[in-house]
Amino acid sequence: MSTVLETEEHKALRAAVAALGKRFGRAYTTDLFRDGEHPRELWEEAGKLGYLGVNLPEQYGGGGGGMAELSIVLEELGAAGSPLLMMVVSPAICGTVIARFGTDEQKQAWLPGLSDGSLSMSFGITEPDAGSNSHRITTTARRDGGDWVLTGRKVFISGVDISDATLIVGRTEDARSGNLKPCLFIVPRDTPGFTRTPIDMELQAAEKQFELVLDDVRLPAGALVGEEADTGLLQLFAGLNPERIMGAAFSIGMGRYAVDKAVDYARTRTVWKGAPIGSHQAIAHPLAQAHIELELARLMMQKAARLYDDGDDIGAGEAANMAKYAAAEACVRAVDQAVHTLGGNGLTREYGLASLITAARVSRIAPVSREMILNYVSHQTLGLPKSY
Ligand SMILES: Cc1cc2nc3c(=O)[nH]c(=O)nc-3n(C[C@H](O)[C@H](O)[C@H](O)COP(=O)(O)OP(=O)(O)OC[C@H]3O[C@@H](n4cnc5c(N)ncnc54)[C@H](O)[C@@H]3O)c2cc1C
């Protein structure tokens, strides 16, 4: 890769994270989900090495970089077969939102821990009756003396059991207009009234998804991220662009892992006189195509990260959506072709690729679905009218 796209520091970071990922590898991840465990050792080690907080401000123990660096970390761990899903949420969404909009107390309380991995946060926006339409969320916060009281439900929230707190997207009434506006609250895991139920997913992953109930959850004034007058969409978008960039990194890493496994297999598997199956173009071309599509998706991810890191939130919004779309599609096709390349072995536990079929499909749905990105590009970029 040319230095125009990545600096020498970026390349060194890629190599160092790849080495860490390789040390843990796919076997580490598959053992975890077999035993119902989560990747504590890898998380702690990545945190100690400064990889988890590489995007967070130096004055709070972070690396002082941005999404360009954080996306490299997640992509390389994924390419080694041991991705850390909670990186999408903890340093990327929550860390960014607190670093950009949090009060001094919130920054001091959370950023050093999010940087070194000793603290982690999950992120809850999705609601059962709102789904893709986040304008419809009904989790509401009302003032009660100096406190906030939060009521609502969330669904599919990842990693709540292993996070110290969840950043909950709710609404408050605007004192001037009376309209409900979005706001973010830090809700510690064991706050009374905040309950979670694991969702039985057909997904082999180390992180679980939860349905959450917030039943009159009483929070101190300092639980609201930032100052009341400043809450709003800007804060939310500050977190959602990094989420999309990291969604792309997750997909590209997984796709690369699958293609690598398939290429290794296709090089040596021989069922006709001396010719490995990789010499047949019906096997070679789709793998070449998958590789090209992943590289293209990475280019768009790098563009999105650059725009975001340069402070262009609007430009980054479009690019991050496109990167997430391209990466998810490339990942789904790469995994499908990888499984196919291994024939029957593609479906065995031993080769461990079939479980990626479900995992790859997640990237088409979360954090924002393929259709909502196509809607965004239709309306925002192409100026076409809305159907809904
Ligand atoms: C593994 C996993 C982890 C997740 N982790 C988190 C998390 O940590 N935090 C969090 O907040 N959420 C999380 N989510 C939720 C995720 O963001 C949502 O599932 C996603 O936004 C889609 O919402 P939905 O499932 O309600 O689907 P729906 O909104 O019900 O959509 C269903 C289908 O209809 C399509 N559709 C909907 N509206 C339109 C439209 N206007 N035009 C065209 N098509 C449309 C969608 O694209 C989709 O294919 C996670 C989900 C999964 C699967």
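Over residues 232-375, the chain is 77% helix and 3% strand, with the end C-alpha atoms 23 Å apart; helices (H or I, at least four residues) and strands (E, at least two) are DSSP runs numbered from the N terminus. UniProt lists these residues, in an unreviewed entry, as "domain: Acyl-CoA dehydrogenase/oxidase C-terminal". The model is predicted: local features need pLDDT of at least 70 and side-chain atom pairs count only at pLDDT 80 or more, whereas totals for chains, interfaces and linings use all residues. Residues are numbered from 1 along each chain as its sequence is written.

The axes of helix α3 (residues 67-79) and helix α7 (residues 281-309) come within 8 Å and cross at roughly 145° (lines fitted to C-alpha atoms over the stretch in contact, with angles from 0 to 180 degrees between N-to-C directions). Met67, Ala68 and Ser71 of α3 make this contact with Met301, Gln302, Ala305, Arg306, Tyr308 and Asp309 of α7, contact requiring C-beta atoms, placed from the backbone, within 7 Å.

Around the ligand lie 23 residues, of which Thr126, Gly131, Ser132, Ser369 and Glu371 come nearest (C-beta atom, placed from the backbone, within 6 Å of the molecule). Two or more residues of this shell are given by each of β1 (121-124), β3 (147-158), α9 (355-365) and α10 (370-381).

Glutamine 59 is found in the loop between α2 (40-48) and α3.

How values were computed
UniProt positions are given in the numbering used here, feature names are shortened, and annotations may be inferred rather than shown by experiment. Two residues are in contact if their C-beta atoms, placed from the backbone, lie within 7 Å.
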